[in-house]
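Look at the structure below and keep it in view while reading. The paragraphs that follow go through it part by part.

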Amino acid sequence: MKPGLRAGDGVWRVGLPAALALAVLIAWPLAAVLWRGVAPDGAPSWEAVLAVAGDRFYWERLGFTTAQALVSTVLALAVGLPGAALFALVRFPGRGLALALVTVPFVLPTLVVAVAFLQLAGPQGWLSDGLALVGLPRLDPRGTLWAILAAHVFFNVAIVVRLVSGVWANLDPRPEEAARLLGAGSLAVVRHVTLPALGPAVAAAAALVFLFTFTSFGVVLVLGGPGLDTLEVTIFRLAVRLVELPEAAILSLLQIGATLGALGAYAWLQRRIAAHRTQRPDRALPLAALSWRARSLAAGGGLLLALYLGAPLAALAWGSLSVGVDGPSLVHFERLFAETGRVSFIAPGDAVRWSLSFAAAATALAVVLGVTAAAAVARTPGRRGVLLDALLMLPLAVPAVVLGFGYLTTFDRGWYDLRGSAWLVLFAHTLVAYPFVLRATLAVRRSLDPRLREAARLLGAGPARAWRYVELPLMARGVLAGSVFAFAISLGEFGATSVLRRREFATLPIAVFDALGRPGGLGRALALSTILMLVTAASALLISRLRYREIGEF
Amino acid sequence: MTSLAVRALERSYETGAAGSGGAFALGSLDFEVGDGRVAALLGPSGCGKTTLLRLIAGLDAPDRGDIRLGGESVLALPPHRRGVGLVFQELALFPHLDAATNVDFGLRMARWPEGRRRERVGELLGLFELDGLGRRRIDELSGGERQRVALARAVAPEPSVLLLDEPLGSLDEGLKEQLRPKLREMLGRLGTTSLLVSHDLRDAVEVADDLLVMGAGKLLQAGPLPSVLAGPATLRVAEMLGYATLVAGPPRAAADGALVIVEDGVGAVDVPGNLRGEAAAAGSREGRVTLRLLAPPASLIGVPVGSGLGCGVVGEVRRVLPEGPLFRVELALGDRSAPARSVRVRWEGGGRPPPPGESLGIAVRPEALRLVGPAGAVAAAAAAGDAG
C-alpha cells in the first residue's frame with residue numbers, strides 16, 4: 001500500500017465498527033420485517049405487493065402523505081426564510097438565546113406539540129375564546145388538516161432558520177456590494193445574487209422538512225383522523241394488528257424509497273454548501289445601524305415568529321395549570337403523583353427517570369456511532385461519499401414503528417431474545433438519534449481545513465493522535481451540538497418506543513399517549529407534556545450554552 | 001543533518017482531493033539539495049511545485065521514483081515518521097491552540113520531556129522574534145507573526161529537512177520585502193537542509209543558495225543560484241529569470257567579418273566576438289534561421305538615439321516608471337502600430353527620461369548578451385557570470 005494520505009485513507013478502519021453496528025441494529029431487523037412482507041409464508045410471493053398496489057386506500061394514503069409534506073415544506077419555508085433573514089442580518093440583544101429558543105420546537109417531542117396545539121386551538125383554547133369573542137364558531141383541531149400543517153410548520157421552522165441563517169450569516173457580502181455598484185436595486189440584489197448563493201441551503205432545508213413531515217407520526221396520530229393518516233401512521237395501524245404485517249412491510253419499503261430520495265438530495269446539497277462556505281465574520285448589522293423601516297420590519301417579524309412558536313407552548317403550560325375557572329393550580333400535577341400507586345397509570349417519576357436514562361445512554365452510543373460514521377463519510381470522496389452519507393442516514397428514513405417491529409421479530413430467540421428488555425428501546429433510540437450527531441459532526445468536519453490534519457502528521461502525530469489532538473478538539477462544538485439534538489430526540493422518541501414499550505420502562509411520551517387515551521386523561525396528559533417540554537427545553541438550552549473552547553483545549 | 005535527493009520521481013495527474021491544491025503531473029524529476037543548503041524551486045503557479053512538496057513530505061505517494069533523506073529511501077515511511085518539516089502556504093496553524101502550544105505540538109508528539117519542551121519553545125519564540133506572544137491565540141496575531149509561528153512550529157522538532165511552500169505567499173508586498181532577508185538569516189542560523197518553493201524570483205534570489213527552475217512538471221535547470229541566474233540553459237528558463245529579447249532574426253555577415261542579427265522594425269545588433277562562432281555555425285547549418293540575443297533584466301540602459309552608445313535597437317517610450325530616485329522606462333520594440341514586444345530599461349541619463357511617444361536607444365555591454373540558437377538552447381558565453 002502506498003503511504004500517502006489519499007482521501008480514502010483508512011475509510012474501512014474507522015467505518016467498519018459503525019457499519020457492523022448498523023448492520024446488526026438496522027439492516028438485519030429491517031430485512032427481517034421486509035422479508036415477512038414479500039414472503040409471508042417463507043417463500044417469496046407477490047400477494048402482499050398486489051394487495052397493496054390494487055387497493056385505492058393505500059394510494060390515497062401515499063397521495064395524502066406526499067401532498068401534506070409538500071404543503072408543509074412550502075409553508076415552513078414561507079415562515080422560516082424571513083426568520084433566517086432576521087437572524088442572519090440583524091444583530092439584536094439576546095440573539096444567541098433567541099436562536100436557541102427557536103430551536104426548542106424542533107427538539108420537542110411530537111406528542112407534546114400535538115397536545116399543545118390541541119390545547120391552543122381546541123374548543124376551550126385561547127384561539128377559540130378569541131373567535132367566540134367576535135362571534136365566530138369555536139374551533140376543533142382534531143381531525144383537521146390545518147392543525148396538522150400548523151404543527152408541522154411549528155416543528156420545522158427551526159430547520160429553515162438554522163440552516164439558512166447559518167449560511168447566510170457567513171455569506172461573502174462583497175458580491176452583493178458589487179452588484180449594487182453595478183446598478184442593481186435591493187430586490188434585484190436579493191434575486192440575482194443572494195438567493196442563488198443561498199439556493200443550496202434553502203433546498204437542503206426543504207429536503208429535510210419534507211423528510212420529517214413525510215414521516216410524521218405523533219402529530220398525525222393525535223391530530224389526524226379519518227382520511228388524514230400518513231404512511232407511517234397507516235403502517236403503525238396495520239402493524240399493531242400483526243396479521244397485516246406484510247402490507248405494513250410493503251408500505252415501509254415505499255416510505256424508505258421516498259425518504260432515501262430526500263436524504264440523497266440533502267446529502268448532495270450539503271456538499272455544495274460546504275464547497276461554497278467561507279469562514280467570514282458575522283455580517284449581521286446592529287439594530288441601530290438599520291433604517292427605521294427595516295427596524296420595524298425586523299421587530300414585527302420577530303414578534304410574529306415568537307408568537308407562533310410561543311403561543312402553543314404557553315397554552316400547554318397554562319392548560320396544565322388550570323382546572324375549570326378557578327385560576328391556576330397544581331391540581332393536575334398533584335393528581336399525577338397522587339395516583340401513582342394505581343396500577344392503571346404509569347408512574348410519572350418512573351417515566352422521567354426512564355426517559356432520562358434512555359436519553360443519556362442513547363446519546364453516548366449515538367456520539368460514538370455518529371463520529372465514526374462522519375469520519376468514514378468525510379474520507380470517502382465523490383459520489384461514493386454521497387451514497388455512503390445517504391445510506392448512513394437510513395435510520396431517518398426507516399419508519400420508527402417498523403424499526404420497532406423489526407426488533408420484535410429479530411431479537412426473539414436464543415441468547416439474543418431481547419423481547420421485553422430495555423435494551424431494544426435503547427438501541428432504537430440510539431439509531432433514531434445518531435443521524436443528528438452524524439450531521440452536526442460532518443458539518444464542522446467539512447469546514448475543517450484538511451491541511452491541519454496534514455500539519456499534525458508532519459509534526460510527528462500518527463493518524464490516531466492527529467485525530468485526537470487536532471481534529472476532535474476542532475469538531476467538539478459540532479459533536480456537542482449533535483449530542484444535544486440526539487438527547488432531545490431520544491427524550492421525545494415515540495414511534496419505536498410505542499411498539500417496544502413495557503409498563504416497567506415506559507417513557508414520558510408513552511405516559512402522555514397513555515393518558516390521552518383514557519377518559520378524563522387530558523389534564524394528566526397536559527401535566528406530563530409540560531414536564532416533558534421543560535425537561536427537553538432545559539437540556540437543550542443548558543447544553544447549547546456550553547462553549548467549545550472550554551472542552552476543546554488540551 | 002541530511003541531504004535531500006529526489007530520483008526519477010513521477011506522479012500522474014490527479015484532480016486532487018480537497019486541500020491538496022492544484023495537483024499536476026510530475027515528469028521524471030531528479031535533483032539533490034546538499035546538506036545544510038537552502039534551495040529555491042522556482043516555477044509558475046500550477047507547475048507541480050506543491051505536489052512535489054507533498055510527495056517529499058509523504059502526504060501523497062509517487063507513482064514511481066524515490067525520495068532519499070541522507071541517502072536512505074523514505075518512501076515507505078508515513079509522514080509522521082519522515083522527519084520532514086513543512087510550512088504550508090496557508091500556514092495551517094491550529095486555531096484551537098495558542099502560539100506557544102502550536103510551536104510545542106511537534107515536541108509533544110515526539111514525547112520530549114516537559115522541561116526540554118518548555119526550553120525549546122522559549123528558545124524558538126526568541127529566535128523568531130515572538131517573545132511575549134506565546135499565549136496569543138492565532139487570530140490575534142498579525143500576518144507576519146503567524147508566518148513566523150508556522151516556521152517555528154515546523155522547525156521545533158528538529159526536522160532533518162525543512163520544506164517551505166510559498167512561505168511569503170500570504171503576505172503583502174511590503175511585508176515580503178521586510179521578511180525575505182529575515183527568512184534568509186533564520187534559515188542560515190538553523191542550518192537545516194531546506195527546499196523553498198515559490199513563483200516569485202525575488203524570494204529565490206534573496207533567500208536561497210541553490211536554484212531549481214521548474215515548468216509544467218519538469219525540472220528545467222538546477223545549480224548554485226549565481227550560476228543559474230547568469231547562465232540560463234534555455235530560452236524558457238531565461239524568460240522565467242526575466243531575460244529580455246533584444247533582437248530575434250536571421251544572422252547576416254557584415255563587412256569587417258562581424259555578424260549582425262537583424263529584426264525588421266526593431267534593429268540590428270552585433271553578435272559579440274565570443275558568440276560569433278556559435279552564431280555563424282547555427283546560421284550556416286540551417287540557412288535562414290532565427291537567432292536571438294538576450295540580455296539579463298538589469299543590464300539594459302536607455303540612451304538617446306544618435307548618441308552612438310546604443311547597440312542598434314531603438315524603441316518607443318511607452319511608460320516612465322519611477323523607481324526610487326531613478327527611472328525605469330518601458331519601451332515598445334518593432335512596428336509602431338503593432339509592436340513585437342516591450343522591454344524595460346534603466347534610465348541613467350540624469351533628469352527626466354524622454355516622455356511617451358519619443359524614441360530611445362538601448363545600450364548594453366556585449367558581455368551581458370546571450371545567444372539563443374534555433375533549438376532554444378542558450379549558448380554559454382565565455383564571459384558568463386558577470387551579468388547584471
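Chain B has 388 residues, and 44% of them count as buried. A residue is called buried if 20 or more other C-beta atoms lie within 10 Å of its own, exposed if 12 or fewer do, and partly exposed in between, with the C-beta atoms placed from the backbone. This is a predicted model, in which local features need pLDDT of at least 70 and side-chain atom pairs count only at pLDDT 80 or more, while totals for chains, interfaces and linings use all residues. Residues are numbered from 1 along each chain as its sequence is written, and chains are lettered from A and ligands numbered from 1 in the order in which they are written.

Begin with the outline of chain B. Its C-alpha atoms fill a box of roughly 80 × 50 × 35 Å, taken along the principal axes. Chain B contains nine helices and 21 strands. Helices (H or I, at least four residues) and strands (E, at least two) are DSSP runs, numbered from the N terminus. Two residues are in contact if their C-beta atoms, placed from the backbone, lie within 7 Å. Among the contacts in chain B with a separation of 6 or more, 66% are between residues 24 or more positions apart.

Chain B is divided into domain 1 (4–231) and domain 2 (237–372); such bounds come from an automatic or database domain assignment. The C-alpha centres of domain 1 of chain B and domain 2 of chain B lie 39 Å apart. How many residues of the two domains of chain B are in contact? Six residues of domain 1 of chain B are in contact with four residues of domain 2 of chain B. On the side of domain 1 of chain B that touches domain 2 of chain B, five residues are nonpolar, one is polar and none is charged. Here Ala, Val, Leu, Ile, Met, Phe, Trp, Tyr, Cys and Pro count as nonpolar, Asp, Glu, Lys and Arg as charged, and the others, Gly among them, as polar.

Now turn to the strands. Strands of a sheet pair through backbone hydrogen bonds, either parallel or antiparallel. Two strands are said to pair if DSSP finds at least two bridges between them. In chain B, four strands form an open sheet in the order S2-S1-S4-S5, with antiparallel pairing. Strand S2 (26–33) and strand S5 (72–73) of chain B are the edge strands, each pairing on one side only. Strand S1 (residues 4–11) of chain B pairs with S2(B) in the antiparallel sense over five bridges, and Leu4(B) stands opposite Val33(B) in S2(B).

Another strand to find is S15 (residues 291–295) of chain B. Is S15(B) buried or exposed? Five of its five residues are buried, so S15(B) is largely enclosed by the rest of the structure. Leu291(B), Leu293(B) and Ala295(B) point one way from S15(B), while Arg292(B) and Leu294(B) point the other way. Strand S11 (residues 244–249) of chain B pairs with S15(B) in the antiparallel sense over five bridges. S15(B) also pairs in the antiparallel sense with strand S21 (residues 370–372) of chain B, over three bridges. Arg292(B) is the bridge partner of Ala248(B), and Arg292(B) stands opposite Val372(B) in S21(B).

Two loop residues of chain B can be picked out by their backbone angles. Arg111(B) is found in the loop between H2 and helix H3 (114–127) of chain B and has a positive phi of about 55° although it is not a glycine. Arg111(B) counts as exposed because it has 8 C-beta neighbours inside 10 Å. Glu129(B), in the loop between H3 and helix H4 (143–155) of chain B, also is not a glycine and has a positive phi of about 55°. With 13 other C-beta atoms within 10 Å, Glu129(B) is partly exposed.

Next comes the boundary between the chains. There, 26 residues of chain B are in contact with 24 residues of chain A. Strand S6 (84–87) and helix H2 (99–109) of chain B are the elements that give two or more residues to the side of chain B that touches chain A. That side has 18 nonpolar, six polar and two charged residues.

Chain A is divided into domain 1 (1–40 + 328–554) and domain 2 (49–109 + 142–296). Their contact takes 35 residues from domain 1 of chain A and 32 residues from domain 2 of chain A.
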